[in-house]
Every structure is written in C-alpha cells, then in structure tokens.
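Visitor: I have a model on screen and would like to learn how to read it. Where do we begin?

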Amino acid sequence: MTDQGLESWTKDLTARERAREIATTLTEPRSVEWVRDQAQVSSWQTAKDELEMLVEFGQVHAIDGDDGNTKYAPNYQRRYFNEVTELINSHTREELREEIATIQETIDEWKREFDVESRDELESTLADGNLTSEAVRDRNSVLRQWERHEDNKRLLKHALELYDDARSLYPGGNASSTSSVSLTQ
C-alpha cells in the first residue's frame, strides 16, 4: 500500500482511533508492536493502552504468545453475535428467509454441476488424476465459496431463531428493512 493510501484511512483519526480500528479487525493474534506499526501510532504505550481497554470491554482477548509476550486476538464470539444482531436489525424475516433460499439454490447448482451431494464429496474429487490444473483450481474456488455460503446460511439461521426476541429488545426498531445490500457479499 502506498503512503497516500495509508494516509487516506488515517487522515481524520487519532492515534488511539487508528489502534482501535486495527485491533478490532484482527484475524489472528498480534503483538502490540504489530498493531502499533499497522495503525501508524508512534507511541508503543498508546497502542498498548488502547489494546488493554479493548480487552477490558471484551472486544479482543489478551493471550500468551509463543514468545512469552502478550498477543491480542479477535473475539470471534462477540463478532458473531454482532453479525447476528446486525442481520436482525437491518433485515426483515422475509429477507433473511429469501437469502437462505438463494444460498441453497447456489449450493444445489454446485451439487448438480459437479455431481456431488456435499462439499466434502466435492473436496474428495480433487485427487482425481483426470482433472486438469484448471479444473482443480475451479473446484478449489467453489469449495471456498461453498464454505462461505454454509457459514452465511448458519448465521442467517441463527438470526431467524433469535429474531423475535432480539427485535423485542431493540428500542425504536421496526420490522422494515434498511438495507439493499445482498447478505452474501
């Protein structure tokens, strides 16, 4: 990324806000130094203080790293519940149901295209000696998409299961959709 590209996302953010942005988007455990560097924060202590605050609020976890130093890891449980909450608050039940149907249609198409009954069965075809490298790459791409679709379907299912209870707890919320974005993007 160019310096200009970095400047564009950091332009209007304080050092603490930049550290928070990086820390809340972690995909794997990282050190204070890594977060400090990625967030372009000059002070190690500022980055550490912000990470400790995020730990206190449950947004990230502090864990022991392999090197004996503390690392900061994503709170996947909190992220998952935040995603479920966002789905519930931004979409109607009908939209959630329709998205599940759309996902299932895509999975059914893959089953027909590759003559398989499951993602695992498609994966087992990768070792077929008759496949070209292009066919193997195509199947790998479909496998990654299929996995994402199954994860999204599970997320949508949980949103539907919790829909009524969560909506009753959402002050000022209404059942109408405020989103025009596909849920599978």
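Visitor: What share of the contacts between residues at least 6 apart in sequence join residues at least 24 apart?

Guide: This is a predicted model, so keep that in mind. The share is 61%.

Visitor: How many helices and strands does the protein have?

Guide: Eight helices and two strands. Read from the N terminus, the order is α-α-α-α-β-β-α-α-α-α. Of the 185 residues, 29% are buried.

Visitor: How are two packed helices described?

Guide: By the angle between their axes and the distance between the axes. Now apply that to H2 and H4, which spans residues 44-56. Their axes come within 9 Å and cross at roughly 55°. That angle makes H2 oblique to H4. The crossing is right-handed.

Visitor: Which residues make that contact?

Guide: From H2, they are Ala-15, Arg-16, Ala-19, Arg-20 and Ala-23. From H4, they are Thr-46, Ala-47, Asp-49, Glu-50, Leu-51, Met-53 and Leu-54. By type, the contact residues of H2 and H4 divide into seven nonpolar, one polar and four charged.

Visitor: Pick one of them, Leu-54. Is Leu-54 buried or exposed?

Guide: Buried counts as under 20% relative accessible area. Leu-54 has 1%, so Leu-54 is buried.

Visitor: What does Leu-54 touch, leaving out residues up to four places away in sequence?

Guide: Leu-54 touches Arg-20, Ala-23, Thr-24, Gln-59 and Val-60. Take Thr-24: Leu-54 and Thr-24 are 30 residues apart in sequence, yet 8.3 Å apart in space, C-alpha to C-alpha.

Visitor: Now the backbone. Which phi value does Gln-40 have?

Guide: A positive one, about 55°, although Gln-40 is not a glycine. Gln-40 sits in the loop between H3 (32-38) and H4. With 35% relative accessibility, Gln-40 counts as partly exposed.

Visitor: And where is Asp-115 found?

Guide: In the loop between H6 (93-114) and H7 (119-124). Asp-115 has a positive phi of about 55° and is not a glycine.

Visitor: Is Asp-115 buried or exposed?

Guide: Exposed means over 50% relative accessible area. Asp-115 has 67%, so Asp-115 is exposed.

Notes. Residues are numbered from 1 along each chain as its sequence is written. This is a predicted model: local features need pLDDT of at least 70, side-chain atom pairs count only at pLDDT 80 or more; totals for chains, interfaces and linings use all residues. Side-chain values use heavy atoms; hydrogens and water are left out. Axes are lines fitted to C-alpha atoms, for helices over the stretch in contact, and angles run from 0 to 180 degrees between N-to-C directions. Helices (H or I, at least four residues) and strands (E, at least two) are DSSP runs, numbered from the N terminus. Angles under 35 degrees count as roughly parallel, over 145 as roughly antiparallel, 65 to 115 as roughly perpendicular and the rest as oblique. A crossing is left-handed if the near helix is turned anticlockwise from the far one by less than a right angle, and right-handed if clockwise. Contact means heavy atoms within 4.5 Å. Ala, Val, Leu, Ile, Met, Phe, Trp, Tyr, Cys and Pro count as nonpolar, Asp, Glu, Lys and Arg as charged, and the others, Gly among them, as polar. Buried means under 20% relative accessible area, exposed over 50%, partly exposed in between (1.4 Å probe, protein chains only).
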